[in-house]
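Please examine the protein displayed below, and keep its sequence at hand while reading. The explanation that follows moves from the whole chain to individual elements and residues.

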Amino acid sequence: MKDSRWKSLIHRLGMSTENAIEHVSSRAHQKLHPEIPMHIIAYRGFGVLTDDGWRGRLQGRVLRYREPALPSRSELWNNLRASYARFGTHELPGVSVMGQVGELMASTTTDEEGYFQLDFDSRSTGPTELTQSVELSLPGYSQVQIDGDPVISLPARDARFGVISDVDDTLLLTKATSLRDMMRLTLLESPSSRLAFAGVAEFYQALHAGRNPFFYVSSSPWNLYEFLSDFMQINHIVPGPLMLRDFGIDETKLIAGSHGDHKLQQIRSVLTLYPELRFILSGDSGQDDPSIYATIAEEYPDQILAIYIRDVGHDWKRTSVQQLISKLQKRGIDMLLVPDTLAAANHAHSLALLPPDALASVSRAVEACTQDP
C-alpha cells in the first residue's frame, strides 16, 4: 500500500514538473519567435436541438505550426515523415481560444497539453442548420492555421436512431490484434492507401439516411485525428464526431489508461445526451468491443437496437462472443457476430432500418470487392 502511494505521489510530481517546464518553454518560444504561426486542429463536435435553439461543444488543440516538408520521390519516406509530424507536436498551454457561430461567442484557454473545449448555447428560435460552422481565432495572434473539422453536428429532429461505431478493424483494416502490423500500417501508409472494409460506406450511408447521427469511438490518439478524418472522407464514410484519446503518461491517457474505460465513458456520454434516441453499436471481435458493448446494453437496454461485431477470425474470441450473444438474447437484445458488412446489413434490413434499395447497394459493393484479383 505504501509503495502504491509513493508511486502515485512521484507520478503526480513528475507530471507537474513536466507541465511547468512545457508551459515556461512555450511562453519563451512565443516571445522569441512571434513570427511562427499558430496551428489549431479542430475536432468535429456534437450537440442537441433544444426547444428554443441548440447547444453543443467543440474541442480541439493548439500547436506550434510546422511547415510541411517538401515531398520526395519516395512515397514510403513521405508517409514516414507525415507520421512523425503527427506525433512530434509542440502543444501550446495557456492560450486563449475564441469561437463564433453567427453572433454566438464562446471562449476558453488551452490546458497543459494544448487542448481546448468551447461550449455553445444558442437561444435562436429560427431554423437551425444541422451542421454549425465555428469560426476559430486566437486573440493576440494574427497568423493562425486552422485544420480539422471546425463544425458542430446536430441530429435531426426526425432522427429514428443513432449509430456508434468503432474505427480500427470495423471501418479501417488495421489488424489491431497484431502490434507489428498495426504499427506498420499506422506509420508507413497514408489515408488514401489504407483500406476500408467492403460495403461499409454504403451500409453507413443507408443507416444515416440524411438524418440519423453517427459517432466514432476509438482508442487511437488525437494525433491521428486528421489521418482518420481524411480516410473517412476519401472512402465516403458518413462523417461524425471522432472520440479519441490523448497520447501521454497520465493515468487517463493512452499509454497508461484503459482502452475499455475510455470507450465506456464516451459511449455513456452519447447515450446520456440523447436519452430519447436508440442506437446501433458497431465493432469487431479483435479487442474488447463485444464485452464493452454488452456492458452498455445491460446499462441502457432500452436504447440499444442491435449490436454488430465483425468477426476478425480468432476461435477463442468467437467462444466468448457467443456467450455474450446468448446472455443478451435473453434480454431481447440482438448481438450478431458477422463475417462481413452484408450480414449486418441483412439484419438491419429485417428491422426496417434501411431504405428499400439499400441492401442491394451494399451487396454489390461487397461482391465487387470479393471479385477483385
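The structure is a predicted model. Its secondary structure comprises 10 helices and 15 strands. Of the 373 residues in the protein, 47% are buried. Contacts across the sequence can be summarised as well: taking those between residues at least 6 apart in sequence, 71% join residues at least 24 apart. The protein exposes about 19,000 Å², and carbon and sulfur atoms account for 53% of that area.

The largest nonpolar core contains 43 residues, and the members that touch the most other members are F203, Y204, L207 and Y216. Helix α4, residues 200-208, supplies the largest share of this core, namely six residues. Another core, of 31 residues, lies apart from it and includes F46, I267, I296 and I325.

When neighbours within four places in sequence are left aside, F203 is in contact with Y308, T341, A344, A345, A348, L354 and V362. F203 also belongs to an aromatic cluster, which it forms with Y204, F214, Y216 and Y308.

At its start, a side-chain oxygen of D340 comes to within 3.3 Å of the backbone nitrogen of L342. After α9 comes A352, which has a positive phi, near 60 degrees.

The aromatic residues form a further theme, with 11 aromatic pairs in the structure. One of these pairs consists of Y43 and W222, which are stacked, with 4.1 Å from centre to centre and 15 degrees between the planes. Y43 belongs to strand β1 (residues 38-50), whereas W222 is in the loop between β11 (214-221) and α5, so the pair ties together parts that are 179 residues apart in sequence. Y43 and W222 are both buried.

A second pair is formed by F215 and Y274. The ring centres of F215 and Y274 are 5.6 Å apart and the planes stand at 45 degrees, so this pair is tilted. F215 is found in strand β11 and Y274 in the loop between α6 (259-273) and β13 (278-284); the pair therefore ties together parts that are 59 residues apart in sequence. Are F215 and Y274 buried or exposed? F215 is buried, because its relative accessible area is 2%. Y274 likewise counts as buried, because its relative accessibility is 6%.

Residues count as buried when the relative accessible area is under 20%. S229 has a relative accessibility of 15% and so counts as buried. Apart from residues up to four places away in sequence, S229 touches D149 and L242. Following α5 is H236, whose phi is positive, near 60 degrees.

S122 is located in strand β5, residues 115-122. With a relative accessible area of 8%, S122 is buried. Not counting residues up to four places away in sequence, S122 touches T50, D52, G53, W54 and L104. S142, by contrast, counts as exposed because its relative accessibility is 74%. S142 sits in the loop between β7 (135-137) and β8 (144-148). The C-alpha atom of S142 is separated by 8.7 Å from that of M38, although the two residues are 104 residues apart along the chain.

Methods: Residues are numbered from 1 along each chain as its sequence is written. This is a predicted model: local features need pLDDT of at least 70, side-chain atom pairs count only at pLDDT 80 or more; totals for chains, interfaces and linings use all residues. Side-chain values use heavy atoms; hydrogens and water are left out. Helices (H or I, at least four residues) and strands (E, at least two) are DSSP runs, numbered from the N terminus. Buried means under 20% relative accessible area, exposed over 50%, partly exposed in between (1.4 Å probe, protein chains only). Contact means heavy atoms within 4.5 Å. Accessible areas come from the Shrake-Rupley method with a 1.4 Å probe; for residues, only the protein chains shown count as cover. A polar contact is a pair of N or O atoms within 3.5 Å; within protein, one must be able to donate a hydrogen and the other to accept it, and residues adjacent in sequence count only if both atoms are side-chain atoms. A nonpolar core is a set of buried Ala, Val, Leu, Ile, Met, Phe, Trp, Tyr and Cys residues joined through side-chain atoms within 4.5 Å. Rings of Phe, Tyr and Trp (its six-membered ring) pair if their centres lie within 6.5 Å; planes under 30 degrees apart count as stacked, over 60 as edge-to-face and the rest as tilted.
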